[in-house]
Every structure is written in structure tokens, then in C-alpha cells.
Amino acid sequence: MADMGEDPADKTSSSTENKDAKTAMIEVAEKLIGERGIDQVSMRDVATAAGQRNNSAVQYHFGSRNGLIMQVLRRRLVALDANRQKRLAVIDDDGLGTDLTTLVRVLLEPIVDLLRAQPEATHYARFLQRVGPVMAPGVPEANLRTATDDVVVRLIDALSHLPRRVAFERIDLATQMFTGALAVYEDRRDAGNTVVNSEFEDVVAHLYDMVEAALRAGVGPRDEARGS
């Protein structure tokens, strides 16, 4: 006798709907948090904006607001790391695997690529800046050796004029400066403020120069005292 239980087609349809709902909430959360800040976005806000009638949809799919944020971060950080891995392979083939200028681009250009890919979106840098520095270490892949780690180690080696700890701290701060400046650019673009840096590519070019100059800067008295 044929099984009169759930139709497999219904199960497939339900699975697709669940996947679409989760994707929608991930995308909406990234946008709302980028625009408003993490403390100004509730799970109900995300569910409503994603077209979910059930206000508990975020909790159902992700466990909590932090669980949702971690999924947004995971999607972005994994994609950024894959981009860096490909770039590392290219520069190694070109014999530029230890060149400081090239390594700065490998570290930061994937973020720029992300923003270039969808110019109509104005929230990616703001989301990364507001959430990434604090919550990114909690992403499961953060405990594994990644291409991003390899870039940072190579940059530390290239910054031989600095104690290694100082070099690491400067790379971290330079990355935050880069993302933070892009977040400010997004805020200004949304506000229609075109007095300064109205062209995205001009902003990016300035930032590359500034990051490299910051990394090449000499050791100050405080860092000298810290040693290696």
C-alpha cells in the first residue's frame, strides 16, 4: 500500500521555502545593521523586512540575533578569504609573494571587490566595520588557518623594520582604518554629501596609499621600548 504520509514534493517545496527565508533574513540583517547599527535592529525588524509573518522566524532559523549575525559574517568572511586565496596563488606565480605593496592589495582588494560587485548596495562596509572586529573571531573558520592568516604573516615578515607584535597590531589597525573609511564613504553617499571623496575609486586609491604609508612608517619611542 502506498505511503499516505508527506508528499516528497511538499518536502522539497518546504525545504526551498526555508532556504529562501534564511537567505532573505541574512541579506536583510546585513543591510539593516549596516544602515542603523547593531543595537538598533531587533529580530522582529529583520523578520518583518524579510517578509516573514512570524516574528519568531529569526529565533527559529538562527537561534538568536547573534546567531543570525554570525551567519552574515560567515558568508562574507568565507567569500573574502576565498578571494585572497586565489590572489595569493597568482602573486606567487608572478614572484610577488613577499612584496609589501602587492600583499596590501591581496588583503584589502577583496573588500573592494565586494563593494564593486553591487554598487547599488550601500551597507557592506558599514556592516563589516560595526560587527566584524568584535564578532568575527567567533566564526568557526576563524579557528582554522586561512588565506587571510597567510597574508598577515607575509606582511609581518615584509615589515622587518618593526617588531613582529607591532607589525601585527599595525596591520589590524590599518585594516580597520580601511574598512572604517569605506563605511564613512557609504554614510556620506547615502546622505548625498558629495563635498569630498565623491568617487568610490578615488577613495580606494587614497586608502591604499595611506595604508601602505602607515605600514612603512618607522618605530616610535613607545614601540621601540616594547621591542620584539
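This is a conversation about how the descriptions of a predicted model follow from its computed values.

Reader: What makes up the fold of this chain, helices or strands?

Author: The protein chain has 10 helices and 0 strands. Read from the N terminus, the elements run α-α-α-α-α-α-α-α-α-α. Of its 228 residues, 39% count as buried. The chain exposes about 12900 Å², and carbon and sulfur atoms supply 51% of that area.

Reader: How do you know what share of the contacts joins residues at least 24 apart?

Author: The count takes contacts between residues at least 6 apart in sequence, and 72% of these join residues at least 24 apart.

Reader: Where is Gly37, and why is Gly37 called buried or exposed?

Author: Gly37 sits in the loop between helix 1 (8-36) and helix 2 (43-49). Buried means under 20% relative accessible area. Gly37 has 10% relative accessibility, so Gly37 counts as buried.

Reader: What makes the length of helix 5 agree with expectation?

Author: Helix 5 has 18 residues, which at 1.5 Å a residue should span 26 Å; the end C-alpha atoms are 26 Å apart, so the two values agree. Helix 5 also has a kink of about 40° at Leu108, shortly before the proline Pro110.

Reader: Why is helix 5 described as largely enclosed?

Author: Because 13 of its 18 residues are buried, helix 5 is largely enclosed by the rest of the structure. Glu109 belongs to this helix. With a relative accessibility of 10%, Glu109 is under the 20% limit and therefore counts as buried.

Reader: What does Glu109 touch, and what makes its link to Arg116 a polar contact?

Author: Beyond residues up to four places away in sequence, Glu109 touches Arg87, Arg116 and Tyr208.

Reader: Which partner does the side chain of Arg126 have, and why is Arg126 called buried?

Author: Arg126 is in helix 6 (residues 124-135). At 2% relative accessibility, against a limit of 20%, Arg126 counts as buried. Its side chain is joined to that of Asp187 by a polar contact of 2.9 Å. Arg126 touches Gly34, Glu35, Ala183, Glu186, Asp187 and Asp190, when residues up to four places away are not counted.

Reader: How do you know that the buried residues of helix 9 line one face?

Author: The buried residues are Phe200, Val203, Val204, Leu207, Tyr208, Val211, Glu212 and Leu215. Seen down the axis of helix 9, they fall within an arc of 160°, so they line one face of the helix. An α-helix has 3.6 residues a turn, so residues three or four places apart point the same way. The buried residues of helix 9 pack against helix 5 (100-117) and helix 8 (164-191).

Reader: What makes Phe200 a buried residue, and which residues does Phe200 contact?

Author: Phe200 is found in helix 9. Its relative accessible area is 14%, under the 20% limit, so Phe200 is buried. Apart from neighbours within four places in sequence, Phe200 is in contact with Val112, Leu115, Arg116, Leu182 and Tyr185.

Reader: How do the spans of helix 9 and helix 4 compare with what is expected?

Author: Helix 9 (residues 200-216) has 17 residues and reaches 25 Å, close to the expected 24 Å. Helix 4 (residues 65-93) has 29 residues and reaches 43 Å, close to the expected 42 Å. Helix 4 is followed by Gly95, which has a positive phi near 75°.

Definitions and conventions: Residues numbered from 1 in each chain as written. Predicted model: local features only at pLDDT ≥ 70, side-chain atom pairs only at ≥ 80, totals over all residues. Heavy atoms only, no water. Helix = DSSP H or I, 4+ residues; strand = E, 2+ residues; numbered from the N terminus. Expected span 1.5 Å × (residues − 1). Buried < 20%, exposed > 50% of the residue type's maximum accessible area, 1.4 Å probe, protein only. Arc of directions from axis to C-beta. Contact = heavy atoms within 4.5 Å. Areas by Shrake-Rupley, 256 points an atom, 1.4 Å probe, with all protein chains shown as cover. Bend = angle between axes of the 7 residues up to and from the residue. Polar contact = N/O pair within 3.5 Å; in protein donor to acceptor, adjacent residues only side chain to side chain.
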